[in-house]
2 protein chains.
Amino acid sequence: MLTPDERREMTQNRRIILASRPVGMPTSANLPIETQTLAEPAEGQILVKVIYLSLDPYMRGRMNAGRSYAANVAEGDVMVGGAAGRVVASKSPKFKEGDYVFGMFGWQEYYLGDAAGVRKLDPAQAPISTSLGVLGMPGMTAYVGLLDKGQPKEGETVVVSAASGAVGGVVGQIAKIKGCRAVGIAGGPEKCAYVVDELGFDACVDYKAPDFLEAFKAAVPKGVDVYFENVGGKVADAVFSRMNDFGRVALCGLIAHYNDTGAPEGPDNLPRFMFNLLSRRLSVNGFIVSDHPDRAGDFFRDVSGWIRDGQLRYREDIVEGGLDATVEAFQGLLTGRNFGKLIVKISEDTSRAG
Amino acid sequence: MLTPDERREMTQNRRIILASRPVGMPTSANLPIETQTLAEPAEGQILVKVIYLSLDPYMRGRMNAGRSYAANVAEGDVMVGGAAGRVVASKSPKFKEGDYVFGMFGWQEYYLGDAAGVRKLDPAQAPISTSLGVLGMPGMTAYVGLLDKGQPKEGETVVVSAASGAVGGVVGQIAKIKGCRAVGIAGGPEKCAYVVDELGFDACVDYKAPDFLEAFKAAVPKGVDVYFENVGGKVADAVFSRMNDFGRVALCGLIAHYNDTGAPEGPDNLPRFMFNLLSRRLSVNGFIVSDHPDRAGDFFRDVSGWIRDGQLRYREDIVEGGLDATVEAFQGLLTGRNFGKLIVKISEDTSRAG
């Protein structure tokens, strides 16, 4: 049931559009807020009031004109993004008013559109915010990337960069569950302490520390068998130089390079990189979680079970301030300012009161 | 039985040692010929008169001090290399005088040493020179790399660089046997004509031609699913830019870079390369055939069968001139001067007369 206030709100939707493609770091000039008036849902459509908006590194790629792994956002369109919200009007037999749902609702306060691809959430089972993180795309990325691409074996050393992040934190904890040595790389002593003390990694190395290379070497005395790659840059250089023969790399992201405006200055490190792959017989596997829907059932069963058993923890960094705080929060994500799964609270979480 | 002449020869062995590690292209100053006097075989040893010496790109890596995929040659030691020859004296129960054998006999006229790892050849089944090429390490490299790492499926496009070479020629022919489109890349119109007309590839593109990029693009109208990488450099750049989503790269060699003396000048192409792996979900697999002895039986059965059926052809580039011609021939291998499997004839092939 909608209050008269909500009915009035429905007609006005604030949203962030991609007005122009960013060069380097995205700004609010690239991503302004505009207001639109929404119609009532047509047959088959739903109207969703967004509660939590997920911010994820992959979104930077969608802002570019160049080829990425998914269709880019067209200039003038609302920015894409997963979100959790509440159905406030439905002309779809799948959903009724009051249902909590997850979908690719975008950077906006309301989603009006097709119900296809929208998934119902049960707030009694897990907080609806987890659908954006540990029980959503980031968690499944960790699960599929580590298990299917990394193929870790008991006793091996697994290294993950961006270890305190939404994906990295899950990677290391699954590695521990599978009997591996889990070593994280993160930015700053606070994040590293969290990765070891709260998430239970065997070690975590601060890439901002001046002795990073020596500390990393000491943390992987038997070398690296599996590397879950989220960042690229000098972190990746350090890990690749310690890979063991027959090591596997799950290539998930390259956040250090997402704002690159061209090829960095030389020397050209590609030949050296390829020699390393050859001489150590490494395998590097780029992957995107959306290619693996067949693993969704296994993922949900295993990870929700591990959370229930206390074997797997997660942390959310929920930014207040709604849509107005979104661009700045996204900038922080690209420079490592967030601590845990980054989520913007777009409106009050009514599922917690209920 | 040895003639008195051969007995006298036995005592004098000419061999090429690695006197100093080459910087860039190896020269005869790095690889001088020296003469040594050999003792009689001790218990368990054999003395082999080398007939054919194999020259292969991997040998350039063995000349370096840096880590490679196998133990490097120590300064002052004879250069490593596979060779076919005839047993002229044996104190091993495995071999008798007159046997034709293959082993890692090195760049020399005689091998005196252990019989372990030496394999008997049957000249009635196949010319003994094939033990260095199509039925030896290069052929098995093609077989394992294409089938196990490339995983080609019927109807897919397979590209191989150094396509007229000992490995590349076999790769493309196996791709055809498996129902794929086989596209080669080779240097010069003569080699390209051979690859298409004699080996039966669907197309071959000349990387030395000014319109290489356009010609390559035209040769792979449906993109590239499997790339068998032998060379690196601009050839690799062209192929990587045309890879299809979920493409597989079997990384076998990087001959364009073997004489690099450091990282080439920038820009740094590594970030762009990694983005490509990620956005197209490519898999790159470094491999060395010697890690896969379990496939030797399948390889020999399949490839010798295909040769017998006329489905698989090969070409040998046999250099006359013995040990004195070896260094120059090896230089030619690194610049693409050879045409077919490069072999140096060290002494007369007595198996052909027999």
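How many bridges join β13(A) to strand β13 of chain B, and in which direction do the two strands run? There are 3 bridges, and the strands run antiparallel. Keep in mind that this is a predicted model.

**The contact as a whole**
- Chain A brings 40 residues to the contact, and chain B brings 40 residues as well.
- About 3,400 Å² is buried between chain A and chain B, with carbon and sulfur atoms giving 67% of that area.

**Polar and charged pairs across the contact**
- Between chain A and chain B there are 11 residue pairs in polar contact, both residues being at pLDDT 80 or more.
- The count of salt bridges between chain A and chain B is 2.
- A:R281 pairs with B:D291 in a salt bridge whose closest N and O atoms are 2.7 Å apart.

**What chain A supplies**
- Four elements of chain A each supply at least two residues to the side that touches chain B: α7 (233-240), β12 (243-251), α8 (270-279) and β13 (283-286).
- Of the side of chain A that touches chain B, α8(A) gives the most, with 8 residues.
- Sorted by class, the side of chain A that touches chain B holds 21 nonpolar, 9 polar and 10 charged residues.

**Strand pairing between the chains**
- The partner strand of β13(A) is β13 of chain B, which covers residues 283-286.
- Within this pairing, A:V284 has B:V284 in β13(B) as its bridge partner.

**Salt bridges over all chains**
- Over all chains, the count comes to 38 salt bridges.
- One of them joins B:R295 to B:D148, with the closest N and O atoms 2.8 Å apart.
- B:R295 sits in the loop between β13 and α9 (296-308) of chain B and B:D148 in helix α3 (residues 137-150) of chain B, so this pair ties together parts that are 147 residues apart in sequence.

Note on methods. Residues are numbered from 1 along each chain as its sequence is written. Chains are lettered from A and ligands numbered from 1 in the order in which they are written. This is a predicted model: local features need pLDDT of at least 70, side-chain atom pairs count only at pLDDT 80 or more; totals for chains, interfaces and linings use all residues. Side-chain values use heavy atoms; hydrogens and water are left out. Contact means heavy atoms within 4.5 Å. Buried area is the accessible area (1.4 Å probe) that two parts lose on being put together, summed over both. A salt bridge is a side-chain nitrogen of Lys or Arg within 4 Å of a carboxyl oxygen of Asp or Glu. A polar contact is a pair of N or O atoms within 3.5 Å; within protein, one must be able to donate a hydrogen and the other to accept it, and residues adjacent in sequence count only if both atoms are side-chain atoms. Ala, Val, Leu, Ile, Met, Phe, Trp, Tyr, Cys and Pro count as nonpolar, Asp, Glu, Lys and Arg as charged, and the others, Gly among them, as polar. Two strands pair if DSSP finds at least two bridges between them.
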